[in-house]
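Student: I would like a close look at a single part of this chain, followed by what surrounds the neighbouring elements. Please keep to what the model shows.

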Amino acid sequence: MAEAGVPTTEREIAETALRHIRSDNGSFYTSSDFDQLYAQVSLAQAVGNLAWPPYRHVISVVELHGNLLTILLKLSWLNARREDGLDDTSWMFFAASDIVAFHVFLRCLFDEVAGMVREMATKPGVVPESFHDIQRWLGKRAANRGVLGEELADAITSCDWFEDVRELRDDLLHRGARTIVFPERGRILFQVHVGTNRRVLVPPAMFNENIADFAPYSALVMAKLGLFLDQVARVLLGTVESLRVTGPAAIHHGHPGLGVLADWLRALVRTLDEADV
């Protein structure tokens, strides 16, 4: 069940993510619930007030999220270099490897979230290792939800888009999928094929019926990811006494890739408006 006030449509999700990105003198930053969690965990750890096992998983999530933003920044930068002489063949190889890396890092991030979740369990050793298996485990018995608490269980089971991420990453690493990038100037057009099957078919991100545009595709993924991480952070900040907010009310976390994400989110919102989704 969705929380009251939690955005559910793609437009609401994209707009929420866009509102969270702010700028100051050309620098871009967020001040989200997960940023607050990261700050509180780091502060408590630094002063010796927290022996909290999920600490390392929180740090890993932040690092992996930063890697995803760096990929967006690099692809935008490379795309602009095409006007300065970057040839189409090099562009297609560079972009394809970054698109694969985007999905690998995204899947790794969810493994770190799974680590956080396991550490929060009231019964050690019963929660599965992977995020996918935790989602399935939560659906098997009502008692399993109690091991994590209803709020955390709700956050995990509401992440219904994760299955598509998992399948695509497994296609890329284990099923011989090919990532193909197209030479259209000004865009990052791609598709992932397993044999003749197209694996990326996300309506607001489609250039045509066969080819996806990485900018709206990744913007939507990052918006959904941010929403999910904030849900998890609110649960932890509300239930772990040592993580209660005692520092500054607003924590800023900066990354130059946030500027690219903001541009791509604005374009995605315009596309959704035009399609009246």
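Is Q40 buried or exposed, and what is its relative accessible area?

Tutor: The model is a predicted one. In it, Q40 has a relative accessible area of 4%. The cut-off for buried is under 20%, so Q40 counts as buried. This residue belongs to helix α2, which covers residues 33-46. For a sense of distance, take L225, which is 185 residues from Q40 along the chain. The C-alpha atoms of Q40 and L225 are separated by 20 Å.

Next, helix α1, residues 10-20. Its buried residues include I13, A14, T16 and A17. These residues cover an arc of only 160° around the axis, so they lie on the same side of α1.

Three strands form an open sheet with antiparallel pairing, in the order β1-β2-β7. The edges are taken by β1 (21-24) and β7 (253-254); each has a single partner strand, so one side of each is left without a neighbour in the sheet. Between β1 and β2 (residues 27-30) there are four bridges, and the two strands run antiparallel.

Technical notes. Residues numbered from 1 in each chain as written. Predicted model: local features only at pLDDT ≥ 70, side-chain atom pairs only at ≥ 80, totals over all residues. Heavy atoms only, no water. Buried < 20%, exposed > 50% of the residue type's maximum accessible area, 1.4 Å probe, protein only. Pairing = 2+ DSSP bridges. Arc of directions from axis to C-beta.
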